[in-house]
Amino acid sequence: MMFTRHRRLRRTSVMRQLVRETQLSCDDLIYPLFIKEGLKKKQEISSMPGIYQLSMADLLDEVASCLSRGLKSFIIFGIPQHKDPIGSQASDDNGIVQQAIGLIKKHYPEVLLIADTCLCEFTSHGHCGLLDGQTVLNDASLERLVDVALSQARAGADIIAPSNAMDGFVYAIRKALDSSGFEDIPIMSYAVKFASSFYGPFREAAEGAPSFGDRKTYQMDPANRLEALREAQSDEKEGADFLMVKPAMAFLDILRDLRQESKLPLVAYNVSGEYAMIKAAAQKGWINEKAIVLETLLGMKRAGADLIITYFAKDVANYLQE
């Protein structure tokens with residue numbers, strides 16, 4: 001019996017490209033934007049080199065820069081000047097997220113804008129829902145989140161992306177959108193959102209760290225695989241149009257499980273800690289940043305992700321143009 005010469009299909013660069021099974025393109029990428037109310041000019045996030053909190057004055061230049069690279073999809077995070085216990089600015093039709101969506105859509109109507117639907121950046125306590133003492137209330141929080149989602153839809157968001165991890169958020173928001181004339185607006189559910197240590201730099205970027213305790217009573221235990229499937233299955237039944245796994249790198253097994261279970265588009269969130277680790281190692285000269293980034297994102301797609309939310313989106317767009 002002859003042995004098989006697999007190397008025949010690896011002999012040249014063109015041959016390798018011809019048989020490549022997994023492809024990465026700008027159409028796969030969603031770029032996060034942080035807009036801070038009252039900011040005069042953009043400021044770099046210290047733990048996320050190359051990522052900025054943007055002023056409204058900087059926002060259109062940033063979008064134009066992305067479009068020139070072939071990036072067309074964005075997820076919007078807002079940081080208000082005023083925070084209170086119920087996160088009232090999150091559902092204000094003149095709030096920072098709503099203003100940002102309106103401004104971008106006015107000048108670039110062709111782009112796709114995803115509104116992150118949560119309260120943590122807007123509440124004075126930094127939790128994702130309403131409180132009774134130090135207990136996060138589920139059902140009362142749903143009412144607030146519905147108000148936020150409807151306000152974002154009125155502003156022109158193309159997709160509502162609830163990240164709050166309350167039980168029943170997809171059902172509540174889907175019902176409200178449908179009854180308010182927004183039945184064509186899809187929901188990108190943060191269906192599998194782990195209580196992860198990889199979120200650290202994001203809390204600096206979005207200024208939404210909890211003022212007490214943690215989020216382990218409503219975000220998932222990273223040790224649990226079957227629970228992740230239950231969470232995703234319930235969101236799909238409640239009307240989600242996309243399912244997200246967050247974070248991505250340490251949870252590729254969950255992505256693969258969901259790909260086998262669901263026919264919905266799957267989203268991997270390549271989170272801030274994952275970004276920061278690669279950037280820090282690259283700055284030290286310990287790794288080849290371009291090679292590591294491309295290999296990492298290809299791994300997410302190979303595991304089953306259709307789309308990737310990533311702070312590397314502009315870098316990857318540059319790599320692909322090269």
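Me: Which residues is Arg-144 in contact with, leaving aside its neighbours within four places in sequence?
Reply: This is a predicted model, so take the contacts as computed. Arg-144 touches Ile-86, Gly-87, Ser-88, Ser-91, Leu-119 and Leu-130.

Me: Where is Arg-144 found? Buried or exposed?
Reply: Arg-144 is in helix α4. Its relative accessibility is 10%, so Arg-144 counts as buried. The cut-off for buried is under 20%.

Me: What do the side chains of Arg-144 and Asp-147 meet in?
Reply: A salt bridge, at 3.7 Å from N to O. The two residues are 3 apart in helix α4, which means about one helical turn between them. Asp-147 is partly exposed, at 37% relative accessibility.

Me: How many salt bridges does the structure hold?
Reply: 13. One of them joins Arg-174 and Asp-241, with the closest N and O atoms 3.6 Å apart. Arg-174 sits in helix α5 and Asp-241 in the loop between α7 and β10, so this pair ties together parts 67 residues apart in sequence.

Me: And what are the relative accessible areas there, Arg-174 and Asp-241?
Reply: Arg-174 has 10% and is buried. Asp-241 has 29% and is partly exposed.

Me: Which residues are linked with Arg-174 in a network of salt bridges?
Reply: Asp-178 and Asp-241.

Me: What about Lys-279, which residue does it form a salt bridge with?
Reply: Glu-289, with the closest N and O atoms 2.7 Å apart. Lys-279 lies in helix α9 and Glu-289 in helix α10, so the bridge ties together parts 10 residues apart in sequence. Lys-279 counts as buried, at 11% relative accessibility.

Me: Switching to Phe-312. Where is it found?
Reply: In the loop between β12 and α11. Phe-312 is buried, with a relative accessible area of 1%. Beyond its neighbours within four places in sequence, Phe-312 is in contact with both Lys-279 and Glu-289, along with Asn-270, Tyr-275, Ile-278 and Val-293.

Me: Which residues of α3 are buried, and what do they pack against?
Reply: Ile-96, Val-97, Gln-98, Ala-100, Ile-101, Ile-104 and Lys-105 are the buried ones. They pack against β1, α2, β4, β5 and α4.

Me: Surface next. Which residues make the nonpolar patch of about 290 Å²?
Reply: Leu-9, Leu-18 and Val-19. Val-19 lies in the loop between α1 and β1. Its relative accessible area is 37%, so Val-19 is partly exposed.

Me: Whole chain now. How many helices and strands?
Reply: 11 helices and 12 strands. The radius of gyration is 20 Å, close to the 20 Å the globule rule gives for 322 residues, so the chain is as compact as a globular protein of that length. The C-alpha trace spans about 70 × 45 × 40 Å along its principal axes.

Me: What share of the residues is buried?
Reply: 54% of the 322. The accessible surface comes to about 14800 Å², and 50% of that belongs to carbon and sulfur atoms.

Terms used. Residues numbered from 1 in each chain as written. Predicted model: local features only at pLDDT ≥ 70, side-chain atom pairs only at ≥ 80, totals over all residues. Heavy atoms only, no water. Buried < 20%, exposed > 50% of the residue type's maximum accessible area, 1.4 Å probe, protein only. Helix = DSSP H or I, 4+ residues; strand = E, 2+ residues; numbered from the N terminus. Contact = heavy atoms within 4.5 Å. Patch = residues over 30% accessible without salt bridge, like charges linked within 9 Å, V, L, I, M, F, W, Y side chains within 5 Å. Areas by Shrake-Rupley, 256 points an atom, 1.4 Å probe, with all protein chains shown as cover. Salt bridge = Lys/Arg side-chain N within 4 Å of Asp/Glu carboxyl O. Rg over C-alpha atoms; globule rule 2.2 N^0.38 Å.
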